[in-house]
Amino acid sequence: MISTKNTNMLTKSLETITPLIQETNVRFKDEGIYIKAIDKTQILLVDFFMSKKAFDTYAVEPSLIGLNIQELKNMLSRSFAEDKLQLNLKEQGLDIHLLGKIERKFYMSFLDLSEQDINLPEIKYEAEFNITAGLLKEIITDINLVASTILFKINDGKLIIEAKGEKGNIKTTLPEIKLKTKKNFSAKFSLSFLKNIVKSMDNDKVLLIKLAEDVPIYIEYTLSKDCIIKFYLSSMLI
């Protein structure tokens, strides 16, 4: 059985992942819960880990189960702030028990999903920086007015974000961003994917972003020291 009085952290994690991945294998290991999945377009990888330390009780046999995490998120979102969550892995499905002023028990059948062996090659990044999720959302909203792609430019140690489209163009300079880099380069990505990645993130959370030329952008979202989501989004031709 797995139990927690902090249902919000797991719910928030699923709110962040499910705009991109709806069905996936979930791996329960001795050290915690893992999700590593590629979206249907094969251009985005999501790597999620929630440590057993994030739960009040974590006693489960190591296993791999297929779940509709969109439906799981919908069920967890019905919890009240003071509810305690219990998860029980059965032979063919998952019991989701919400205990509070009222008690509710949902049941989800497991999905028969093929197991993918997902391994990323080691990526050498040329630049990294921190930015709040709220600020990145504002930049994406600006760019959405004119274009469908986003261009990150590293120029003489400065970060510039540009976009061009039929409606016009935009250039955003971020002089206060502390950038770790020794190289000038540009990297282009799908705006719609980035928008879906960040839209459910808490605005005040600080993201770690890593960039290099012609490799996936790396975005790390830390909900707590025991709960981290990493995103790898493939680059586009410039």
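This is a short talk on the predicted model of one protein chain, from its overall build down to a few single residues.

Hi everyone, and thanks for coming. A word on conventions before we look around. Because the model is predicted, local features need pLDDT of at least 70 and side-chain atom pairs count only at pLDDT 80 or more, while totals for chains, interfaces and linings use all residues. Residues are numbered from 1 along each chain as its sequence is written, and side-chain values use heavy atoms, with hydrogens and water left out.

Let's start with the whole chain. Its secondary structure comes to four helices and 18 strands; helices (H or I, at least four residues) and strands (E, at least two) are DSSP runs, numbered from the N terminus. The C-alpha trace spans about 55 × 35 × 30 Å along its principal axes.

Now for contacts, meaning heavy atoms within 4.5 Å. Among contacts with a separation of 6 or more, 63% are between residues 24 or more positions apart.

What about the inside? Of the 238 residues, 47% count as buried. Here buried means under 20% relative accessible area, exposed means over 50%, and partly exposed is in between, with a 1.4 Å probe and protein chains only. In soluble globular proteins, nonpolar side chains tend to be buried together. A nonpolar core is a set of buried Ala, Val, Leu, Ile, Met, Phe, Trp, Tyr and Cys residues joined through side-chain atoms within 4.5 Å.

Which residues touch the most other members of the largest nonpolar core? They are F152 and F231, in a core of 70 residues. Leaving out residues up to four places away in sequence, F231 touches a list that includes L20, L44, V46, I197, M201 and Y218. There is also a second, separate core of five residues, with L45, I118, L208 and Y232 among them.

Staying inside, have a look at F193 in helix 4, residues 191-198. F193 is buried, with a relative accessible area of 16%. Beyond residues up to four places away in sequence, F193 touches L20, D39, T41, I43, L44 and L233.

Most residues other than glycine have a negative phi. Q42, however, has a positive phi of about 70 degrees, and D156 has one of about 55 degrees. Q42 is in the loop between strand 3 (32-38) and strand 4 (44-51), and at 52% relative accessibility it counts as exposed. D156 lies in the loop between strand 11 (149-155) and strand 12 (158-165), and D156 is exposed too, at 63%.

E176 is in the loop between strand 13 (168-173) and strand 14 (180-181), with 77% relative accessibility. K105 is in strand 9, residues 103-109, and counts as exposed at 58%. Apart from neighbours within four places in sequence, K105 is in contact with D95, I96 and H97.

That's the tour, and I'm happy to go back to any residue on the screen.
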